[in-house]
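This briefing goes through one predicted model, topic by topic, for a reader who has the sequence and the coordinates at hand.

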Amino acid sequence: MNDFEVHTSSGTKRPTHPLPQLEQVELKGMLDWLSAYGADAQGGVTRLLYDQAWCKAQHALAEKMQEKGLAPEFDQSGNLYGTLHGRGMGSGTGMEEAPIVTGSHIDTVVHGGKYDGAYGVVAGVLALEYLQKHFGAPKRTLEVVSLCEEEGSRFPFAYWGSRSITGVSGLEDVQHLKDQEGITFAQAIRDAGFGPNSSYRTASHTYGAFIELHIEQGQILERLGHSIGIVSDIVGQKRFSITVSGEANHAGTTPMSWRKDALAGAAEMITAVRNIALEAGEPLVATVGRITADPGVGNVVASRAVFSLDIRHIRQESIDRCWHNMLQEFSRIAAEQQLGLNWEEHLSVTPIPMNDQITSDIRDICEVEQLSYIHMPSGAGHDSQIFQPACPTAMIFVPSHDGISHNPLEYTAEEDLMKGFRVLVQLLYKYGYGS
Ligand SMILES: [Zn+2]
């Protein structure tokens, strides 16, 4: 914690301030307003990186920030900041002066909902407006960021916003990528008015801390009846493609015992995935979400089956052990049925624990505010996992109705949105205004 010095008396469990007129904040109204950018007829929202809806939304947000007394500024990647300048009363050493930043991402999946990402951006803008209105300029600079990209929906690259801010990736890593229409990343960023030749500053930016308010996108909070999820870790994951090879043959003339049926072997392997995951217990999850078979004909024994495998857990050793056990079982099944087996790893992301101090400050706020909360891992990836290695980072979840997300039906009740907002405001007050 030596790099995160907040201006507050540590150890106190009292709220930093009672919050006046919080209920008057127009959170739901502003979320509805933002969802009009990229709205589709089915009630969903599609804003893909640098497309027209995305550009309009990000520029409208900049205007909104200005209206609300925040200084808006874009960077070359298209990330948008709204800054509430501090009075410079920090103790003046390096990281201590870096702003406390909240926010999330503006982009969506195709036909996504209106809460994923947008909630954290809108809540951040309104939190800073609220704090300025009621308490004036903070001691320490507070910022809200509307990150340009998280989902990887247009180009095959996720977390572009946070990766470019933290310097994990630069334009040279992505410029050659193409979207479905063959437009390159370099072209798209230029057409949107960003990129190295624009007048904006470079994306690289130092944060004192990053706090992301987000919908849970799962059912845990709603099912267990809690208002707030304090994220303990963001899960690590491994993704594979598994290929099982057999022999195509006549479905009528090949006796069952003489077959080398790739699809039947794959089916047994998929059952093994489920059993091994169940045996490992929570929070391990393993998913086979896609399978293809060749030649893919109803009256021919399959010569080849390829299936996906996604394994997630908050501990790397658990992911590794689970994969090891699965691979052992796959090999046994393949040998028994005289099938070939090949596998390829596509993705390996290590689990990221969230910052202890911010996490415990969130817990204290929930206790004082009498909000029912649990500590929980995030099974989905978020920008916070990119920020945490660069600065102290924490995430606050609110319930998602029926756990539905990446879908026009995504919904969080206004009451729940407001509870998350309350926690965010208290936390920003503590870090921005605490004595
Ligand atoms: Zn999101």
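Leaving aside neighbours within four places in sequence, D383 is in contact with S104, H105, L147, E150, Y159, G161, S162 and E212, where contact means that the C-beta atoms of two residues, placed from the backbone, lie within 7 Å. The model is a predicted one, in which local features need pLDDT of at least 70 and side-chain atom pairs count only at pLDDT 80 or more, whereas totals for chains, interfaces and linings use all residues. Residues are numbered from 1 along each chain as its sequence is written.

- D383 is found in the loop between β15 (373-378) and α11 (384-387); helices (H or I, at least four residues) and strands (E, at least two) are DSSP runs, numbered from the N terminus.
- D383 is buried because 30 other C-beta atoms lie within 10 Å, the scale being that a residue is buried with 20 or more other C-beta atoms within 10 Å of its own, exposed with 12 or fewer, and partly exposed in between, with C-beta atoms placed from the backbone.
- Although D383 and G117 are 266 residues apart in sequence, their C-alpha atoms are 9.8 Å apart in space.

**The chain as a whole**

- The secondary structure of the chain comes to 12 helices and 16 strands.
- The radius of gyration of the chain is 24 Å, close to the 22 Å that the globule rule gives for 435 residues, so the chain is as compact as a globular protein of that length; the radius is taken over C-alpha atoms, and the rule is 2.2 Å times the number of residues to the power 0.38.
- Along its principal axes the C-alpha trace spans about 80 × 45 × 40 Å, and 47% of the 435 residues count as buried.
- Of the contacts in the chain with a separation of 6 or more, 78% are between residues 24 or more positions apart.

**Two domains**

- The chain is divided into domain 1 (22-234 + 353-433) and domain 2 (236-349), with bounds that come from an automatic or database domain assignment.
- The C-alpha centres of domain 1 and domain 2 lie 37 Å apart, and 4 residues of domain 1 are in contact with 5 residues of domain 2.

- In strand β16 (residues 393-398) 6 of the 6 residues are buried, so the strand is largely enclosed by the rest of the structure.
- From β16, T393, M395 and F397 point one way and A394, I396 and V398 the other way, and all are buried.
- Strand β5 (residues 209-215) runs parallel to β16 and is joined to it by 6 bridges, with I215 standing opposite V398; two strands pair if DSSP finds at least two bridges between them.
- Strand β6 (residues 228-234) runs antiparallel to β16 and is joined to it by 2 bridges, and the bridge partner of I230 in β16 is I396.

- Neighbours within four places in sequence aside, I362 is in contact with I230, A394, I396, V423 and L427.
- Helix α12 (residues 414-433) is mostly covered, with 17 of its 20 residues buried.

- Strand β7 (residues 236-245) is joined by 9 bridges to β13, the two running antiparallel, and its residues S245 and I242 face G340 and W343, respectively.
- On β7 there are also 10 bridges to strand β12 (residues 304-313), again antiparallel, with R239 opposite D310.
- Strand β13 (residues 340-349) is hardly covered, as the count of buried residues among its 10 residues is 0.

**Backbone details**

- A cis peptide bond with omega about 5° joins E282 and P283, and P283 is found in the loop between α8 (262-280) and β9 (285-287).
- The peptide bond from D294 to P295 is also cis, with omega near 0°.
- D402, in the loop between β16 and α12, has a positive phi of about 60° although it is not a glycine.
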